[in-house]
Amino acid sequence: MREAFFLTCWLVLLWLAISGVYKPVILLLGIASVMLVLWLSLRMKVVGEEHAPAIFGWRLPVFWVWTLVEIVRSNLHVARLTFSPEKISPRIVTTDVPFRTSVAKVVYGNTCTLTPGTVTLMLTRDKLVAHALDQTSSETLTSGRLARKVLWLEGSPEPEK
Amino acid sequence: MLEWAINLASWFLLLTGGVFGVIGGIGLIRFPDFYSRLHGAGVTDTLCAICIVFGLALQSGISLLTLKLMLILLFLLFTAPTATHALARAAMVDEVEPLLDEQSESLAKHRGERSSSI
C-alpha cells in the first residue's frame with residue numbers, strides 16, 4: 001500500500017510538471033489519468049519497492065554522475081573502434097551478480113547495456129551474461145568496477161578480496 | 001557576453017551530438033555481426049541523445065521546458081537499454097551466432113538457460 005501511495009505522488013507530480021495548464025477541466029482529466037494508471041499498475045501487479053521515493057537516497061544522483069562519465073568514456077572508445085572495425089575482438093563475459101535487492105540487479109544490467117561496448121544478454125538471479133566489443137570494454141565488468149559501484153549504491157558492504 | 005557563451009556551448013553540444021549520431025550510424029554499418037552492431041547503435045542511444053538534449057536545454061533556459069527535456073532524457077536512458085537488451089536476448093534465443101575472439105567463452109553453453117524473475 002505504501003508503494004501505491006508513492007506511485008500516486010510521483011504520477012501527480014509528473015502530471016503537474018508536464019501539463020503546465022491548470023484549468024479545472026484539465027485537472028479533472030489529470031486526476032482521471034492518474035487513477036487509471038494506478039489501477040492498471042495495481043492490476044498488473046507491477047507496484048513494488050522501486051516506487052519508494054528515496055530508494056537509494058543521495059547516492060542515486062552521485063551514481064548518475066558517475067554513470068554519465070562512464071558513458072562518455074565508453075562512447076569515445078566505441079567511436080574510435082568504429083573507424084577501425086578490424087580491431088574489435090568480440091567476447092562473451094559472465095559475471096556474478098552479488099546484490100541483495102532486485103532493483104540493484106536491474107540497475108546493474110541496465111547500466112551495463114547503457115555503456116556502449118557492453119550489452120547485457122541475460123540476467124538471472126546470480127549471473128550476468130554480456131557481449132563485449134573488446135578487451136577494454138569488457139574490463140568494466142570483469143574487473144568488478146561497475147559491480148562495486150552498484151554495491152555502494154545499494155549500501156551493501158564491499159566484498160572481501 | 002553570457003548569452004554568447006551559452007549559445008556557443010549549446011551549439012557545441014548540438015554539433016557533438018549530431019557527430020556522434022553519424023558515428024553510431026557508421027558503426028551500425030561497419031561492424032561485422034548483429035551483436036557488435038548493437039554497440040554501434042548504443043552510441044546513438046546514449047551520448048548522441050545526451051548531447052542533443054543538454055544542448056537544447058541550454059537554449060531553453062531555466063523553465064518548465066528544461067524539466068520536460070530532462071524527463072525525455074531520463075526516460076530515454078531507461079528505455080533504450082531495455083530495448084537493446086530485448087533485441088540481444090531475442091537474437092540469443094533465436095540462436096544467432098556471434099563472431100567471437102578465439103579466447104572468449106562461447107555463447108552456446110548459456111543458450112538453454114532462462115532469465116529468471118529476480
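The structure is a predicted model, and every value below was computed from it.

Of the 118 residues in chain B, 30% are buried. Among the contacts in chain B with a separation of 6 or more, 54% are between residues 24 or more positions apart.

Two of these helices can now be looked at together. Two packed helices are described by the angle between their axes and by the distance between those axes. For helix 2 (residues 34-60) and helix 3 (residues 64-93) of chain B, the axes come within 10 Å and cross at roughly 175 degrees. An angle over 145 degrees counts as roughly antiparallel, and helix 2 of chain B and helix 3 of chain B are therefore roughly antiparallel to each other. Which residues bring helix 2 and helix 3 of chain B together? On the side of helix 2 they include B:Phe34, B:Leu38, B:Asp45, B:Ile50 and B:Ser60, while helix 3 contributes residues including B:Leu65, B:Met70, B:Leu76, B:Thr84 and B:Ala91. Sorted by class, this contact has 18 nonpolar, four polar and one charged residues.

Chain A brings strands into the picture. Strand 3 of chain A pairs with strand 1 of chain A in the antiparallel sense over six bridges. Strand 3 of chain A also pairs with strand 2 of chain A, again in the antiparallel sense, over five bridges. A hairpin of three residues joins strand 2 to strand 3 of chain A. A:Thr118 has A:Ala132 in strand 3 of chain A as its bridge partner.

Are these strands buried or exposed? Six of the six residues of strand 2 of chain A are buried, and this strand is mostly covered. In strand 3 of chain A, five of the six residues are buried, so this strand is largely enclosed by the rest of the structure.

The two chains also meet each other. In all, 33 residues of chain A are in contact with 39 residues of chain B. On the chain A side, helix 1 (2-19), helix 3 (59-82), strand 1 (91-96), helix 4 (102-114), strand 2 (118-123) and strand 3 (127-132) each supply at least two residues. Helix 3 of chain A gives the largest share, six residues. By class, the side of chain A that touches chain B has 18 nonpolar, 12 polar and three charged residues.

Conventions
Residues numbered from 1 in each chain as written. Chains lettered and ligands numbered in written order. Predicted model: local features only at pLDDT ≥ 70, side-chain atom pairs only at ≥ 80, totals over all residues. Axes fitted to C-alpha atoms, helices over the stretch in contact; angles between N-to-C directions. Helix = DSSP H or I, 4+ residues; strand = E, 2+ residues; numbered from the N terminus. Parallel < 35°, antiparallel > 145°, perpendicular 65-115°, else oblique. Contact = placed C-beta atoms within 7 Å. Nonpolar A, V, L, I, M, F, W, Y, C, P; charged D, E, K, R; others polar. Buried ≥ 20, exposed ≤ 12 C-beta atoms within 10 Å, placed from the backbone. Pairing = 2+ DSSP bridges.
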